[in-house]
Amino acid sequence: VQLQASGGGLVQAGGSLRLSCAASGRTYIMGWFRQAPGKEREFVAGIISTGSSMIYADSAKGRFTISRDNAKNTVYLQMNTLKPEDTAVYYCAAGSTRARTDPSSYDYWGQGTQVTVSS
């Protein structure tokens, strides 16, 4: 499975961005992660294949929404009320039914898209 992330950019604090991740084939659990300079990659949000269950990091709860369109093999991350601390490279990932919040539990990764939030 190949993943192509897009939608990043520069936005002011309080603004919104919508990230997309297009997959080349069917996927099961999909996740969004982010990595800021000098920091480890961290889990942001995940969604199961049916789209009926999602999980969020505490930092994303109430501000970010993960969704998927299986007809388009695409997963989205709607990010609202962005903060400067959300600045990072955002990666989408695909995993089996065992994938959870640990990056090592995912099998396929996109190339990343930069999100920069200015204060």
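1. A friendly place to begin is the surface: K61 and D58 are both exposed (over 50% relative accessible area). Their side chains meet in a salt bridge, with N to O at 3.2 Å. Salt bridge here means a side-chain nitrogen of Lys or Arg within 4 Å of a carboxyl oxygen of Asp or Glu.

2. Please keep in mind that this is a predicted model, in which local features need pLDDT of at least 70, side-chain atom pairs count only at pLDDT 80 or more, and totals for chains, interfaces and linings use all residues. Residues are numbered from 1 along each chain as its sequence is written, and side-chain values use heavy atoms, leaving out hydrogens and water.

3. The structure holds four salt bridges. One of them pairs R34 with D86, whose closest N and O atoms are 2.9 Å apart. R34 lies in strand 4 (residues 29-35) and D86 in the loop between strand 8 (74-79) and strand 9 (88-95), so this pair ties together parts 52 residues apart in sequence. Strands are DSSP runs (E, at least two residues), numbered from the N terminus.

4. Now for accessibility: R34 is buried at 6% relative accessible area, and D86 is buried at 0%. Buried means under 20%, with a 1.4 Å probe and protein chains only.

5. D86 also meets R63 in a salt bridge, at 2.7 Å from N to O. R63 sits in the loop between strand 6 (54-56) and strand 7 (64-69), so its pairing with D86 ties together parts 23 residues apart in sequence. R63 counts as buried too, at 10% relative accessibility.

Key: Helices (H or I, at least four residues) and strands (E, at least two) are DSSP runs, numbered from the N terminus.
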